[in-house]
Amino acid sequence: MRYLATVIMLFLLSPAAMHAQEVTAPKFGKGLLNIVGQDSTWSMNFSARVQLLSTTTWTDNDGTFENPQNNNLIRRSRLKFKGHLYSPKITYKMEFGLSNRDMGGTSAFTNNAPRFIMDAVIKYNFWENFELWAGQTKLPGNIERVISSADLQLVDRSIVNSRFNIDRDMGLQLRHHITFGNSFLIREKLAVSQGEGRNVTTGNLGGHQYTGRIEILPFGKFANKGDYKGAALDRQETPKLMVAATYDMNKDAVRTRSNMGSYMVTDYGFHETDINTFFADMMFKYKGFSFMGEYAKRDADTPVALNLDGTATGDVVLVGDGLNLMSGYLFKNDYEITGRYSNVALDEAITGIGEETQYTLGLSKYFVGHKLKLQTDVSYTDFEANNDRLMWRLQLDFHF
């Protein structure tokens with residue numbers, strides 16, 4: 001896998017490839033190469049991005065923050081390919097994660113292989129406003145998760161997202177949109193997936209996962225798809241609003257967080273239970289101002305995994321709810337100040353995990369939008385049952 005990028009580049013720059021199609025180099029931030037077949041029956045945009053992250057965390061000891069722990073790493077390193085096949089109505093996306101954090105999670109369920117495939121999906125606009133997706137990609141879950149990690153408003157996503165998001169999976173999605181009047185837009189998204197998460201090779205261990213999402217945009221589309229990007233970089237000329245809701249049911253799920261988390265292993269196999277996750281979220285932008293809000297709730301029919309004799313295995317579904325609120329203002333010099341409030345309240349009687357609340361204040365400088373930016377933030381996390389923590393992060397993000 002470490003030679004993947006080299007092999008791809010050698011192929012794309014080989015004489016045979018150069019004679020087979022037109023190759024152009026886009027401007028910064030628009031990809032490394034644009035390739036179009038001679039008969040225009042296919043195209044490919046190849047891009048790369050890297051996030052370099054430094055994190056320092058202090059632990060509260062009777063009112064004094066001490067014992068700083070520092071970590072410097074390549075948070076994300078990605079290669080991405082997108083374009084069309086045969087017809088402009090058939091598009092595709094492939095994304096590969098090459099950092100250790102991207103590939104982590106190796107297990108027997110992934111054939112003990114690194115999970116470097118993020119997305120491998122084909123999309124077919126088969127009739128009017130209907131589009132069918134097939135492959136592995138993000139499910140239509142909470143907005144913070146579906147926003148690309150390349151386009152985040154703070155250094156990283158919230159603790160609410162880390163507890164409740166439904167991430168990626170292998171399956172089918174049907175998407176449709178309809179416009180009423182001049183601008184009132186409704187988008188519907190349905191998905192049926194394997195329910196085990198990305199890069200799983202062992203087949204379906206439990207049941208399947210069913211996801212439905214509806215989005216309402218009363219004032220029409222956001223400019224430049226700003227509803228699925230952090231920050232008000234597009235400076236919407238008129239107020240834009242999206243309100244949405246998602247319901248996800250993972251039938252006979254075998255993991256503690258629906259299609260994520262640890263597997264609930266018992267002395268007879270896997271503990272299986274229906275896990276339901278609900279999201280309600282919104283995005284509002286106007287000129288330099290942005291606001292995003294999310295509510296998440298998860299429950300399960302039998303959240304505690306038991307052995308045949310009735311003893312608990314120690315694995316439980318992380319049931320509970322969370323609230324995430326974030327707002328920012330982008331100044332004309334492309335500096336932005338952002339604040340975020342996040343609260344996670346898992347059912348302590350079941351999970352044994354107390355409530356946690358995190359307050360984050362961030363500062364970003366966008367040199368070329370999200371394609372070249374420097375971000376820093378400070379977070380204070382108030383734990384109900386543990387020592388509080390203070391965290392400072394600094395991240396450089398660049399995308400070709």
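**Close-up views of a predicted model**

**View 1. Phe28 and the loop that carries this residue.** Phe28 lies in the loop that links strand S1 (21-24) to strand S2 (33-37); strands (E, at least two residues) and helices (H or I, at least four) are DSSP runs numbered from the N terminus. Phe28 counts as partly exposed because its relative accessibility is 38%, where buried means under 20% relative accessible area, exposed over 50%, and partly exposed in between (1.4 Å probe, protein chains only). The model is predicted: local features need pLDDT of at least 70, side-chain atom pairs count only at pLDDT 80 or more, and totals for chains, interfaces and linings use all residues. Residues are numbered from 1 along each chain as its sequence is written, and side-chain values use heavy atoms, with hydrogens and water left out.

**View 2. The nonpolar surface patch.** Phe28 belongs to a nonpolar patch on the surface that also includes Leu32, Leu52, Ile74, Trp392 and Phe400. Together, the residues of the patch have about 950 Å² of accessible area, computed by the Shrake-Rupley method with a 1.4 Å probe, for which only the protein chains shown count as cover for residues. Patches are made of residues with over 30% relative accessible area and no salt bridge, nonpolar side chains (Val, Leu, Ile, Met, Phe, Trp, Tyr) being joined within 5 Å and like charges within 9 Å. A salt bridge is a side-chain nitrogen of Lys or Arg within 4 Å of a carboxyl oxygen of Asp or Glu. Strands S23 (372-383) and S24 (389-399) each supply at least two residues of the patch, and the largest share, 3 residues, comes from S24.

View 3. Strand S12 (residues 255-257) pairs with strand S13 (residues 260-263) in the antiparallel sense over 2 bridges; two strands pair if DSSP finds at least two bridges between them. Arg255 has Tyr263 in S13 as its bridge partner. The two strands form a hairpin with 2 residues between them, and Ser258 in the turn has a positive phi of about 65°.

**View 4. Thr64 in strand S4.** Thr64 is placed in strand S4 (residues 64-85). With a relative accessible area of 42%, Thr64 is partly exposed. The C-alpha atoms of Thr64 and Thr351 are separated by 29 Å, and the two residues are 287 residues apart along the chain.
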